[in-house]
Amino acid sequence: MASLDRRAEHSGAEQPDDELYRIRHSLAHVLAQAVLELRPGSTLGFGPPIKDGFYYDFLLSEPLTEADFPELERRMRKIIKKGQRFYQEDLLAAEALERIDEMGEPYKREYGAELIAKQGLGTLSFYRNGPFLDMCEGPHVSDTKQLPRDAFKLRSLAGAYWRGDSANAMMTRIYAWAFAAKAELDDHVARWEEAQRRDHKKLGRELGIFTIDNDVGRGLPLWLPNGTVVRDELEKLAEELEFKAGYQRVATPHLARESLYFKSGHLPYYADDMYPSMEVMDQGHAEAPQSTAGEGGAAVKEAYRLRPMNCPHHHKVFAAVPRSYRDLPVRLAEYGQVYRWEDSGAVSGLVRVRGMCMNDAHIYCTEEQVKDEFKAVMRLYQEAYEFLDLDDYVVRLSRWNPDDPKGRDKYVDNPEAWTASETVLEEVLKEMGVNYVDGVGEAAFYGPKIDIQFLTVTGREESLSTVQLDFSQPAALGLTYVGADGQPHMPYCIHRAPFSTHERMVAFLLEHYGGAFPTWLAPVQVQVVTVSEQFDAYGAEIVATLRERMVRAELAPSSDTVSKKIRQAATLKIPNVLIVGEREQQERTVTLRRHGHKAQHTLALDHFQTALLETINARSRAFLLPD
Ligand SMILES: [Zn+2]
Ligand SMILES: [Zn+2]
């Protein structure tokens, strides 16, 4: 049977036979009754339960605002107290439509008529409680006394087109949270508020991290000075870890001839995720498939693409010089800018973007080296996460699914290579003592991978980093090295990106730290606050000394009052604030206040400087105070 309350829209967390589903659905009717009391003459749209409550859509006779919520909630509680029974009734089609006409509900009528005509329903179901009548499949609680009076809360108002179609009327949607018990509601609201407080778009704006400009384009973030500092610091850390692990850095262009992507296999399979091709007139390349005007001299049409991945460029760097088995492994690293076409509906903040900079590297090695290289990559990941103070993650071994009926389109067809490489990854994880879960059908098209999924502070699961073993792209691009036998062999390739993209990582870290970056990552590391103008010279001297040592120190504007300066530093979540006045100036000391801490420490300027530099160099989360 079709649902009259659009059950299909629900997230699936609750089913109609759940108690919670009945509570939420019944509360939606109670809300509608309260709205019709407060705004007589309003008409009804849909009002389904959703994953944390319910909503109801109305075409209101007079607007409502959130200021009306307490009054609506009061009326809802009154209805609950009355103990109205829910009565269900099935009416034959013609009778049902008459009933809806009596109700004066044009939207319910449109939907009811459609259910009869298109879906061939012989009857429609109605529910009545007190004076309120709704065309509805149910189920409901037996009477309104079964509903919790203190475990629901009206949340927000939103505009919603009837049936989601912008050609239709714009209705008012009232969202509500609803649970079986008050404690669950309180817990949910607290978590929701925390998530709002840590939202990377909100913090990104407040802390001057990034902006999106319509003239530049959707999904193309502009990094502001403070955000650029965070990016640069992450990049510096990645560079150091990679340098110590024997990587070499390369720099490659953001675009390439389209033919490269046909060779690599990205086209046509990956075309939907790529920007369309750019055509230019150029001197013909001898091997260009588009080249029709012959060789040399004559101009021909050439197509270029913005790159969606760095791999093909790196493969070409590998191929640029003859490689012997003695040269392997070759580890090529680049923070590479890539561009992917995301649906405008999916584009959001820094999390879903159309231009991103990836902490990429490709490791080319022999089959015998795969295991050790993979282990080294996993160790580098662990080290990176320690610096970032990330320990809440799950490791997943993502395998192909040989039984997938669409497997031929999804995976490179080479069962032996799949089995062999999955075994290698499994051994790596086991030998390293890493706990992992199996993810069948989660592999990349060219090979299995290890995914690292983080649990965010607000309880979201986020897949940030992967390591992939590739036994197919090197062959597609004809990569070889000369083996000990003097014969050409195909190298294996490991794709890895521990720091993900700058966009995803910074969004994640903003949320993780709630915007309060540790000193080494903070855009402003030290803010000097003088208690009055007469100490500005000493303050400026401190700033100059620190900046001389590459510390991002700033002097708070002297036109502000001391309390305003301190408040401002707290708003910007600056990790270290130095307060200087008469005593500090005389004794050449500073009074240190750490963000989020009440205690203050007065210490000699020299000591502070030494401790600060140590804290920054160690990338320590805590401030390493001298003994
Ligand atoms: Zn209903
Ligand atoms: Zn790659």
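Biologist: Which residue of E14 stands opposite Ala256?
Modeller: The model is a predicted one. In it, strand E12 (residues 255–257) pairs with strand E14 (residues 299–306) in the antiparallel sense, over 3 bridges. Opposite Ala256, E14 places Arg305.

Biologist: How many bridges join strand E13 to E14?
Modeller: E13 spans residues 278–283 and runs antiparallel to E14. One of the facing pairs sets Gln283 opposite Ala299 of E14. The number of bridges that join E13 to E14 is 6.

Biologist: What confidence does the chain average, as pLDDT?
Modeller: Two stretches stay under 50: residues 1–13, with 28 contacts beyond four places in sequence, and residues 290–294, with 13 such contacts. Where pLDDT is low, the predicted coordinates should not be read in detail. Across the chain, however, 94% of the residues score at least 70, and the average pLDDT is 90.

Biologist: What distance separates the centres of domain 2 and domain 3?
Modeller: The domain assignment gives domain 1 as 7–186, domain 2 as 222–254 + 314–509, and domain 3 as 526–617. Taken over C-alpha atoms, the centres of domain 2 and domain 3 are separated by 42 Å.

Biologist: How far apart are the end C-alpha atoms of H1?
Modeller: H1 is mostly covered, with 15 of its 20 residues buried. At 1.5 Å a residue, its 20 residues should span 28 Å.

Biologist: Which residue of E19 is the bridge partner of Ser398?
Modeller: Strand E17 (residues 393–399) is joined to strand E18 (residues 436–440) by 5 bridges, in parallel, and Val395 has Tyr436 of E18 as its bridge partner. E17 also pairs with strand E19 (residues 449–455), in the antiparallel sense over 6 bridges. In E19, the bridge partner of Ser398 is Lys449.

Biologist: Which strands stand at the edges of the open sheet of 5 strands?
Modeller: The order of this sheet is E25-E24-E26-E27-E28, and its pairing is mixed. An edge strand has a single partner strand, so one side of it is left without a neighbour in the sheet. This applies to E25 (553–555) and E28 (600–604).

Biologist: What angle does the direction of helix H18 make with that of E28?
Modeller: E28 runs antiparallel to strand E27 (residues 589–594), to which 5 bridges join it, and Thr589 stands opposite Ala604 in E28. Helix H15 (residues 536–548) packs on the sheet, its direction making about 165° with that of E25. Helix H18 (residues 605–617) packs on the sheet too, touching E27 and E28. The angle between the directions of H18 and E28 is about 110°.

Key:
Residues are numbered from 1 along each chain as its sequence is written. Chains are lettered from A and ligands numbered from 1 in the order in which they are written. This is a predicted model: local features need pLDDT of at least 70, side-chain atom pairs count only at pLDDT 80 or more; totals for chains, interfaces and linings use all residues. Domain bounds come from an automatic or database domain assignment. Two strands pair if DSSP finds at least two bridges between them. Helices (H or I, at least four residues) and strands (E, at least two) are DSSP runs, numbered from the N terminus. pLDDT is the predictor's confidence in each residue, from 0 to 100. Two residues are in contact if their C-beta atoms, placed from the backbone, lie within 7 Å. The expected span of a helix is 1.5 Å times one less than its number of residues. A residue is buried if 20 or more other C-beta atoms lie within 10 Å of its own, exposed if 12 or fewer, and partly exposed in between; C-beta atoms are placed from the backbone. Axes are lines fitted to C-alpha atoms, for helices over the stretch in contact, and angles run from 0 to 180 degrees between N-to-C directions.
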